[in-house]
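Hi,

Here is the structure I promised to pass on. Please open it in your viewer and keep it beside you while you read.

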There are 2 protein chains.
Amino acid sequence: MVSGCGEERVMRRTMVMSEYSIGASSINGDGSVTFRLAAPEAQRVSVSGDFISAADGTAFGGGEMVRNGDGVWEYTTLPLASELYTYSFNVDGVRICDPTNGHISRNVSTLSSELIIGGGRGDYYRVNDVPHGTVRSCWYHSDSYGCDRRMMVYTPPGYESGGRYPVLYLLHGAGNDEGSWLELGRVEEIVDNMIARGECRPMIVVMPNGNAFKQAADISAAEGTALKWSDRKPLNPMLEVSFAEVVDYVDGTFRTVDGKRGRAIAGLSMGGGQTSIISYSLPDTFDYVGLFSAAVGAVTDEQNDAKIKAQRDNGLKLYWIACGTEDFLYDGNRQYMSYLDSIGFPYVYCESDGGHIWRNWRIYLSEFAPMLFRK
Amino acid sequence: MVSGCGEERVMRRTMVMSEYSIGASSINGDGSVTFRLAAPEAQRVSVSGDFISAADGTAFGGGEMVRNGDGVWEYTTLPLASELYTYSFNVDGVRICDPTNGHISRNVSTLSSELIIGGGRGDYYRVNDVPHGTVRSCWYHSDSYGCDRRMMVYTPPGYESGGRYPVLYLLHGAGNDEGSWLELGRVEEIVDNMIARGECRPMIVVMPNGNAFKQAADISAAEGTALKWSDRKPLNPMLEVSFAEVVDYVDGTFRTVDGKRGRAIAGLSMGGGQTSIISYSLPDTFDYVGLFSAAVGAVTDEQNDAKIKAQRDNGLKLYWIACGTEDFLYDGNRQYMSYLDSIGFPYVYCESDGGHIWRNWRIYLSEFAPMLFRK
């Protein structure tokens with residue numbers, strides 16, 4: 001089954017589109033953005049960001065800024081759809097964040113400035129006046145890796161009052177960490193807003209660190225950034241064991257709905273590949289599986305083939321695959337689905353435009369979450 | 001009573017001082033830092049940071065970087081004491097963070113790059129291989145302000161296993177927010193490390209937002225940065241009421257030690273002034289009070305004078321005042337202490353060097369925490 005993906009959602013109470021400033025830059029009444037950077041002594045300044053491909057369909061790129069009389073460089077985009085966009089400036093060959101905008105995010109080791117254009121999908125990524133969940137940064141002990149590891153856990157509004165809640169396990173991509181789904185994926189905002197609108201069930205969202213050789217994000221780990229590559233432990237051989245530890249910790253720490261009907265797992269890129277492996281390696285654990293731009297391909301290994309067939313026979317409620325047509329993993333996903341077709345494994349495929357970027361993963365989460373824990 | 005403050009603490013298991021890189025820059029074997037920025041097209045590049053005053057006693061300032069043959073600009077500091085330092089570059093008149101360093105912090109709306117020199121006090125600000133507490137970002141309803149507000153809460157290692165814990169309420173300065181003590185103050189790292197070393201008692205640390213007119217940090221509030229100044233609600237008139245709400249929420253949500261013997265309150269700058277007001281306005285609530293570079297001065301108001309005398313008569317275990325000799329609030333603190341002397345209010349004064357900067361507030365927290373909840 002193939003469904004469309006990424007249709008514009010508009011929140012019932014949309015933001016009034018009006019001019020306002022993001023530091024020195026401004027979002028204009030028509031949804032265009034005028035970027036400004038004071039740099040009187042600079043020779044050449046440009047702006048780059050993921051807004052450019054969104055506006056006019058060209059590849060991710062940059063625009064030369066024009067210096068006005070005051071030494072302020074300016075660039076105005078086309079009108080942009082409601083979204084969260086990231087951008088940076090380039091001043092005489094040096095890539096920089098907007099020094100007047102405190103809203104920043106880190107993707108792997110690259111920092112970018114952020115802005116949200118409201119009035120549509122972007123409103124899902126804002127903090128709105130709705131009941132808010134709680135986000136925990138907590139550590140659990142991993143016997144398989146012999147260290148404490150950090151995970152982020154979202155519990156929905158009302159969790160503190162009692163009751164049991166289903167759990168979505170959400171895995172990040174290579175180079176990301178346990179904080180990425182919150183920072184770049186806006187999980188807290190998306191789930192808060194969707195619960196408030198009745199669009200998804202209240203759920204716990206667990207975001208572990210998917211890099212087996214790390215305790216936590218570089219920024220939060222004892223090994224820091226000084227970890228030697230040679231210290232890395234292999235990832236995949238231990239994935240089933242280490243992920244069972246995660247599930248055990250979560251079930252032992254939070255008031256969860258027991259059993260597979262109360263568990264979903266999804267991941268992006270590397271985390272999508274892990275989602276495939278974990279969901280067929282831990283049978284009867286997850287009723288909902290989501291592969292977002294997943295690192296998957298043709299299945300040729302006999303053992304894995306047998307496990308996936310067992311997953312098929314065992315049955316689950318949703319196996320959902322999403323990929324963008326410009327994604328470098330598009331062909332791999334096609335091959336993976338051909339394999340699933342060949343063994344009669346039921347799944348739902350959601351194809352979007354765009355490539356391997358966080359905008360798509362926020363959209364996929366917004367499409368996936370409403371389908372969970374409905375029965 | 002006057003005590004020295006800021007003596008060098010050295011962790012038992014210190015980091016081996018060795019050369020390692022922070023992005024393109026490097027920390028050298030002697031504790032000096034060589035900053036590097038690739039900017040072949042730039043005309044002039046400098047580096048600025050709080051390390052400069054630490055190294056040679058000069059005022060916070062910057063150093064001109066020198067361009068080498070590859071278009072990489074360099075600057076090497078004097079050997080620096082073990083600390084957490086913040087820095088930024090200036091490229092042709094534009095202040096930027098280090099584009100090769102993912103470690104960044106936001107102070108009010110200014111972003112800076114961070115580095116830690118280990119081997120001493122700086123090790124307190126690192127994540128080390130010790131048991132870790134949990135940090136929650138959670139929202140409570142404020143009846144006095146008519147909105148949900150966000151706070152950050154640290155619970156110590158072992159909290160999940162049961163028991164009751166005392167609470168330190170930690171207030172930020174003007175322009176900061178509920179995230180600042182974690183991000184700039186390294187509360188999680190300091191308390192984790194001090195508990196592990198047996199230097200402070202396991203405690204809960206509560207970090208509310210002290211700006212009465214805000215739900216939360218700009219970055220996390222529904223009103224965003226678009227809040228009009230005219231929407232501000234007055235702070236001080238409601239402080240006692242609104243802070244009692246905070247205490248009630250915490251006592252109702254976490255397993256706290258009941259009564260004043262289980263509560264401490266401390267704050268920096270504006271938060272230090274609030275600490276003074278809250279602690280005398282809510283009698284029998286706090287046995288431990290800390291004023292860090294507090295916004296205080298002579299006490300001339302009769303009502304406040306009466307409340308402070310009542311606080312004195314009521315008794316408390318520790319009233320601790322810390323200030324740096326270069327702090328612009330130094331004279332105000334002197335006036336406040338003259339008043340306390342005049343009414344025979346017992347306190348401990350801790351004088352450090354340096355000014356109104358986060359380095360001092362991290363040190364003050366490290367000095368204050370061991371004195372709490374000992375009896």
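Below is what turned up, starting with how the two chains meet.

Please keep in mind that this is a predicted model.

**The interface**

Chain A brings 43 residues into contact with 43 residues of chain B. Together the two chains bury about 3,400 Å², and carbon and sulfur atoms account for 60% of that area. On the chain A side, A:Val94, A:Val127 and A:Trp139 supply 15% of the area buried against chain B, more than any other three residues.

Which elements give two or more residues to the side of chain A that touches chain B? They are four strands of chain A: E4 (33–38), E10 (94–96), E11 (104–107) and E13 (134–142). Strand E13 of chain A has the largest share, with 6 residues. Sorted by class, the side of chain A that touches chain B is made up of 19 nonpolar, 15 polar and 9 charged residues.

Chain A can be superposed on chain B by a rotation of 180° with 0.0 Å of shift along the axis, at an RMSD of 0.0 Å. That is the relation of a two-fold axis. A:Arg136 is the residue of chain A that comes closest to this rotation axis, its C-alpha lying at 2.2 Å. Of the interface residues of chain A, 100% are interface residues in chain B too, so the copies meet through the same surface.

**Salt bridges in the whole structure**

Over all chains, the structure holds 30 salt bridges. One of them joins the side chains of A:Lys260 and A:Asp287, at 3.6 Å from N to O. This pair links distant parts of the chain, 27 residues apart. A:Lys260 sits in the loop between helix H4 (239–253) and strand E17 (263–268) of chain A, while A:Asp287 is in the loop between helix H5 (270–281) and strand E18 (288–292) of chain A.

Happy browsing, and best wishes

Notes: Residues numbered from 1 in each chain as written. Chains lettered and ligands numbered in written order. Predicted model: local features only at pLDDT ≥ 70, side-chain atom pairs only at ≥ 80, totals over all residues. Heavy atoms only, no water. Contact = heavy atoms within 4.5 Å. Buried area = accessible area lost by both parts, 1.4 Å probe. Nonpolar A, V, L, I, M, F, W, Y, C, P; charged D, E, K, R; others polar. Least-squares fit on C-alpha atoms with pLDDT ≥ 70 in both. Salt bridge = Lys/Arg side-chain N within 4 Å of Asp/Glu carboxyl O.
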